[in-house]
Amino acid sequence: MISSSSLHKTGDFGGLQVLSSVRKKTMDFVSRDMFSGLPDPLISHILSFLPTKEAASTSVLSKRWRFLFASVTNLDFKSNGNSPSFMEFVDMLLDLQGTAPLKRFSLHLTDYPDPVHVTVWILHALGRGVSDLTLRLSEYPLPHEIFVSKTLVRLKLGEGHDVTFSADVEDVFLPKLKILDIDSVVFEEEGVGFARLLSGCPVLEELVLTNMGWENWEFCSVSVTTLKRLTIFLDDFDENPMSVSFDTPNLEYLEYSDNIAREYPKVNFSSLVEAHIGLRLSEDQSADADFSEEDGYFSGEYEEEKEMVGNATNFLLGLCNVQILYLSAKTLEVCTFCCEATPVFNNLIQLTIESNDESGWDSLPALLPNCSNLETLIFKGLVHKSTDGCGNMCLCKPLKNPSCLSSSAVKVLKIILSVDIDDEGMEMEQIMHFLEKMPRLEQLVVYFNISYDPSVFDLSKKLQSIPRIASPKCNFQVISPNLSLSSTLPSTLSKKWSAPPNEEYSWFLKAFTGIDLETSLEFQLLNSTCFGYIVQVCKCMSIGNMDDLPDNLLCQILSNLSTKEAAVTSLLSKRWRYLFALVPNLDFESFSSQHTDHTSFIDFVDRVLKLRGKDHVNKFSLKCGDGFEDEDVYPWISNVLRHGVSDISLHVSSSLVYWLPSKVFVSKTLVRLKIGPEDGPKVKLRNVCLPRLKALILDSVVFVEGEIGFAKLLSGCPVLEELSLSNLEWGYWGSCYVASKILKRLTLCCADCVENPKSVSFNTPNVVYFKYSDNIAQKYPKLNSDSLVEASIDIRMTNDQKANVRYVSNDDEEEREMVGNATELVMGICNVKTLYLSYDTLETLNFCCKAIPVFSNLTHLTLESNKEVGWQSLPQLLKNCPNLETLVFQGLTHKATSSPSLTHCPVKFLKILKFGEACDDDDVDMVMEIVMINHFLQKMLNLERLIVYYNTSIEDDLVEVSSQLQMLPAAASSKCKIQVISDSLGLSVTLPISL
C-alpha cells in the first residue's frame with residue numbers, strides 16, 4: 001500500500017484534486033453506483049491518460065482504488081531532479097506491476113540521472129515487452145539492450161539542445177520498429193554508427209532526425225527501403241555537411257531543413273508525394289551570393305559569368321516526382337545560387353512559396369514554367385528582396401520579356417499575409433500583377449491575419465476595383481481569423497476583352513495576321529468576343545507566332561467559343577479557314593423572329609457538318625425557335641448520332657419538331673441527353689435502348705403515351721445515374737412511377753397547377769440527392785430512398801386545399817381534419833442527412849401530414865420562411881431531429897403562430913439568411929427579427945455559433961446590427977459566438993457570453 005506521506009513526497013496533489021472534483025460533479029448528475037459499476041480494466045484504461053504520478057494519487061480515494069493505478073499499461077515519469085522520493089516512487093511502482101505487459105514507457109529527467117537506477121528502469125520496461133519507449137535524459141549512455149529489442153514499435157530518444165546521448169550501436173536488431181525519433185543524439189562512429197542503426201530496422205516507416213550535428217561527419221546516408229515519412233531538422237550552423245545521400249524509394253513525405261551539403265551522391269525519392277524543403281546557404285556562401293548580386297552576375301547582362309556558390313542540383317532533381325512542394329525563402333536562394341538547372345516537375349499540383357525581405361524571387365521565373373500541371377500556388381507573404389532576376393514574376397524591375405505567369409496553369413492562388421498591406425501598396429500591386437497575368441486563374445484567396453475590420457474591408461474593395469483581370473472565371477475571397485469576406489467579380493470575356501486598348505489589337509494583328517487597323521473588317525473583328533478571346537489566349541501563352549501551334553491545340557482553344565463565334569476566325573488567314581469546323585463541340589443557336597429568313601443559319605449548319613465529314617462529335621447543342629421545319633433539323637440530329645456524339649442538348653420549341661427522331665432513343669454512344677425548353681417537343685417512343693446514358697434532363701417534354709411512355713424510357717436506360725424532370729404535367733397521368741436501382745440524383749420540378757397528381761411513387765434505393773417540387777399527390781404508394789443523403793422538398797397544396805385549410809382553421813383544434821396526405825412521402829425521406837424545406841412544405845406538414853417521423857440521421861436542416869405561412873409544424877419537427885447540428889432559416893418573417901419549442905434542441909450552429917430583406921418598416925420589422933434571434937439565443941442550450949447573413953453594402957448598417965446583437969441578454973449557451981456576414985463586407989463579433 002502507498003501511504004499518503006509517500007504521495008506527498010512525489011509532489012503536490014493537483015491530479016488528486018482534479019480527479020476528485022470531476023468525480024464529485026459526476027456523482028451530482030448520475031447515481032453513486034455508476035462509477036463503482038465500471039470494471040477495473042476500464043478504470044485502468046481511463047487512468048492511463050493521466051501522468052503516472054497523478055494516476056497514483058487516486059489510490060487514496062477508496063480501498064478499491066488503492067492499487068488500480070498500478071495496473072495501467074502506460075507509464076509516464078517526469079522529474080526536475082534526482083530526488084530520493086522520485087526514485088523510490090518509480091522503484092515501488094515497477095515492483096507493484098511486476099512482469100505484466102507494458103505498452104508505453106516514458107522517462108523525462110531534466111537533471112543528470114543516476115545511471116544505475118535509469119538503466120534498471122529501462123531494462124525492466126524492455127523485459128516486459130514495451131512497444132513505445134521515450135527517453136529524455138541528459139548525457140546518459142544508452143544501454144545496448146535498447147537496440148536489440150524484439151518488441152519496440154516506436155522509439156524516441158532525446159529532446160532539446162542540451163541533451164546528448166552517446167550511443168554505441170555495434171549490434172542492432174529492431175524487427176518491429178516502425179517509428180524512430182532521435183533528437184540531439186551523438187553517435188560515436190558518426191555516419192557509420194548511424195547507418196548501422198538504420199540497417200537494423202527492417203520495417204521502419206517513419207524517421208525523425210533533429211539536431212544531429214552531422215555537419216562534421218564524413219558522410220550521412222539515409223537508406224531505408226520501407227521508409228514512408230522522413231523529417232530532418234538541423235540548426236543553422238556555419239558549416240555545410242560534407243555528403244548527404246537518400247535511398248528511400250518508397251518515401252511519401254519529406255521535411256528537410258539544413259545547410260546544403262557539399263554533395264548529394266544519391267537521391268532516390270521515386271514515390272515522393274509531399275515535400276517541405278528548408279535548405280540554406282552557409283554564412284560564407286551567403287556572402288559569396290551577395291557579392292555576385294552586387295557585381296551584376298544575375299542581372300542578365302553578365303548571365304554567362306554567373307558562378308555557383310554551392311551545388312544542390314542532384315537533390316532538387318531527386319524531388320521532380322513530388323506532387324505537393326513547400327519551399328522556404330532560403331530555399332529560393334539555394335535554387336538561384338546553387339542549382340545548375342531547374343528540374344521539370346511534371347507531377348506537381350500544389351506549390352507553396354515562403355517569402356521574406358532578405359531573399360529574392362530570382363529562381364521563380366525558371367521554376368514556374370517547369371510546373372506544367374500546377375493547379376494551386378500559395379505565397380506565404382509577398383514581401384521579398386528586390387533584384388534584377390525576378391523576371392516578370394513581380395514588379396521589382398520594369399518588364400522586358402513576356403511574363404512567366406502568362407503560361408502558368410495555376411487555377412487557385414492563395415496568398416497568406418501576416419500583417420497589414422504596407423503604405424506604399426506594393427503587396428496590393430503584386431496581387432494585381434498576378435491577376436493581370438495569370439489567364440487560367442479561377443480563385444484568389446487572401447488570408448489576412450488581422451482582426452481590424454476596416455483593413456479587411458479595404459482590401460476587399462481594392463480587389464473589386466481592379467480594372468482588368470486575365471481570367472474571366474476568377475473569384476476573390478478574403479479570409480481572416482475572425483472575419484469572413486468573399487467577393488465575386490462579374491468578369492466575363494465580353495466585358496473585359498470586347499474593346500481592349502488599341503495597342504493590344506495592334507500587337508495581335510502585327511504578330512499574327514498583318515491586317516491593317518484602318519479597314520472595316522478589322523474593326524468588326526476587334527469588337528467581337530471571339531477575337532478578344534484569341535488575343536487573350538495568345539498573350540497569356542506568350543506565343544510569338546500562331547503558326548507555332550498545332551491544329552489540335554487551336555481547335556481546343558476554339559472549343560471554348562460557340563460555333564458561330566469560332567467561325568469568325570476563318571477570316572484571319574487561309575490556315576484558319578476551316579479550323580473551326582474541326583472543333584469536337586458544336587454549339588448552334590438561332591432565336592430570330594419567325595418572319596426572318598433562316599436560310600443563312602440552315603446553310604451555315606449544313607456547311608459545318610459537311611466540312612467535318614466523318615470526324616467524331618463530342619457535344620452537339622442546338623437552340624432554335626419558331627420558323628424551322630422538321631426536315632431542317634432532323635438531318636442535323638441524325639448526322640451527329642452517326643458520328644458517335646456523347647452529349648446532345650436540344651433546346652427546341654413544340655412548333656419546331658413535333659416528334660423527336662426515334663434514333664435519339666436508341667443511341668449506343670449517348671452519355672448525356674437534354675431535351676426541351678418551355679413548350680418543348682412531343683415524344684412518342686417505340687424502342688428505347690440507351691446503354692451508356694448516365695444523365696437525362698427533360699423539360700416540358702410531352703409523352704404522348706403518358707406514364708407508359710415515361711416508364712418505357714426509364715427501362716431503356718440501365719446505367720442512368722442522374723434524372724431531371726421539369727414541367728412534365730404528370731398531373732393528368734394515371735400514375736407516375738420512377739423506378740431505377742442505379743439512379744443517384746433525382747430532380748422533379750413541376751409548375752404550380754390546379755390539380756393534385758393522382759399517384760406518385762419512387763423506387764430509387766441508391767438515390768443520394770433528391771429534389772422534389774410539385775403539388776402533393778393524392779397518394780404515394782411507394783417511396784424507397786434508403787441511401788438518401790440530401791433532399792430539397794417543396795410540396796404545395798392546391799388552391800382548393802388551401803381554402804379548406806382556412807375553413808378548418810376556424811374549427812376547434814381537436815376537430816381539425818387533414819386536407820391531404822403527404823405522410824408516406826415524409827416517412828420515405830426519414831434517413832436523410834441534409835434537408836431543405838420550403839415554406840409551402842411547412843404548411844403542408846401542418847395540414848397534410850398525420851405524424852412527422854423521426855429524422856435520426858438529420859444533421860443539417862434549412863427552412864424557408866414567408867409572411868403568409870406559419871411555423872406550426874416546427875415544434876414537432878425539431879423535436880424529432882435528435883442529432884440535428886446545423887439549423888438554417890431563409891428569412892425569419894412568418895405568419896404569427898406559437899413559437900417552436902427549442903429547449904431540448906441539440907442544434908450547435910444556427911444560420912439566419914436573408915436577414916432584413918423582408919422588412920417593410922426598417923425600424924419595426926428589423927427589431928422583430930432581432931427579438932426572434934434573442935428567442936433562439938435564450939432557448940437553445942447547445943448553441944455554439946450563430947451566423948447572420950445581412951445583405952447590405954453599407955458598413956454602418958452592418959456595424960449597427962452587430963451592436964444590437966451584442967446588447968442582447970446573455971445567451972443560454974456559454975459557448976455561443978455570433979458572426980454577421982455580408983456579401984461584400986465581413987464582420988465577426990464574439991460576445992463574452994457566460995452562463
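Ser-184 sits in the loop between β7 (179-183) and β8 (185-187), where helices (H or I, at least four residues) and strands (E, at least two) are DSSP runs numbered from the N terminus. Ser-184 is buried, with a relative accessible area of 8%; here buried means under 20% relative accessible area, exposed means over 50%, and partly exposed covers what lies in between (1.4 Å probe, protein chains only). Its backbone deserves a look: although Ser-184 is not a glycine, it has a positive phi of about 60°. Lys-914 belongs to strand β40 (residues 909-915) and is partly exposed, with a relative accessible area of 40%.

The model is predicted: local features need pLDDT of at least 70, side-chain atom pairs count only at pLDDT 80 or more, and totals for chains, interfaces and linings use all residues. Residues are numbered from 1 along each chain as its sequence is written, and side-chain values use heavy atoms, with hydrogens and water left out.

Turning to the chain as a whole, the protein chain has 29 helices and 43 strands. Of its 995 residues, 50% are buried. Contact means heavy atoms within 4.5 Å; among contacts between residues at least 6 apart in sequence, 65% join residues at least 24 apart. The protein chain exposes about 46100 Å², and carbon and sulfur atoms supply 49% of that area. Accessible areas come from the Shrake-Rupley method with a 1.4 Å probe, and for residues only the protein chains shown count as cover.

Among the buried residues of α11 are Leu-332, Glu-333, Val-334, Cys-335 and Phe-337.

Charged side chains come next. Side chains of opposite charge can pair when their charged atoms come close. A salt bridge is a side-chain nitrogen of Lys or Arg within 4 Å of a carboxyl oxygen of Asp or Glu, and a search of the whole structure finds eight salt bridges. In one of them, the side chains of Arg-154 and Asp-132 meet at 3.1 Å, N to O. Arg-154 lies in strand β5 (residues 154-157) and Asp-132 in strand β3 (residues 132-136), so the pair ties together parts that are 22 residues apart in sequence. Arg-154 is partly exposed, with a relative accessible area of 24%, whereas Asp-132 is buried at 15%. Arg-104 joins Asp-132 and Arg-154 in a network of salt bridges. Not counting residues up to four places away in sequence, Asp-132 touches Lys-103, Arg-104, Phe-105, Leu-152 and Arg-154.

Another salt bridge is formed by Glu-239 and Arg-262, with the closest N and O atoms 3.9 Å apart. This pair links distant parts of the chain, 23 residues apart: Glu-239 is in the loop between β11 (229-233) and β12 (244-247), and Arg-262 is in the loop between β13 and β14 (267-268). Glu-239 is partly exposed at 42%, while Arg-262 is exposed at 53%. In a further salt bridge, Arg-796 and Asp-794 bring their closest N and O atoms to 3.6 Å; Arg-796 counts as buried, at 8% relative accessibility.

Asp-258, in strand β13 (residues 253-259), gives a contrasting case. Asp-258 is buried yet has no salt bridge, and the nearest side chain of opposite charge, Arg-280, is 4.1 Å away. Lys and Arg count as positive and Asp and Glu as negative, while His and the chain ends are not counted. Leaving aside neighbours within four places in sequence, the contacts of Asp-258 include Trp-214, Leu-234, Pro-241 and Arg-280.

Ser-282 is found in the loop between β15 (274-280) and α9 and counts as buried, at 3% relative accessibility. Beyond four places in sequence, Ser-282 is in contact with Asp-238, Asn-240 and Asn-259. Ser-282 and Asp-236 are 46 residues apart in sequence and 7.9 Å apart in space, C-alpha to C-alpha.

On the surface, Asp-238, Glu-283, Asp-284 and Asp-288 gather in a patch of negative charge. Patches are made of residues with over 30% relative accessible area and no salt bridge, with like charges joined within 9 Å and nonpolar side chains (Val, Leu, Ile, Met, Phe, Trp, Tyr) within 5 Å; the place of a charge is taken as NZ of Lys, CZ of Arg, CG of Asp or CD of Glu. Asp-288 lies in helix α9 (residues 283-294) and is partly exposed, with a relative accessible area of 43%.
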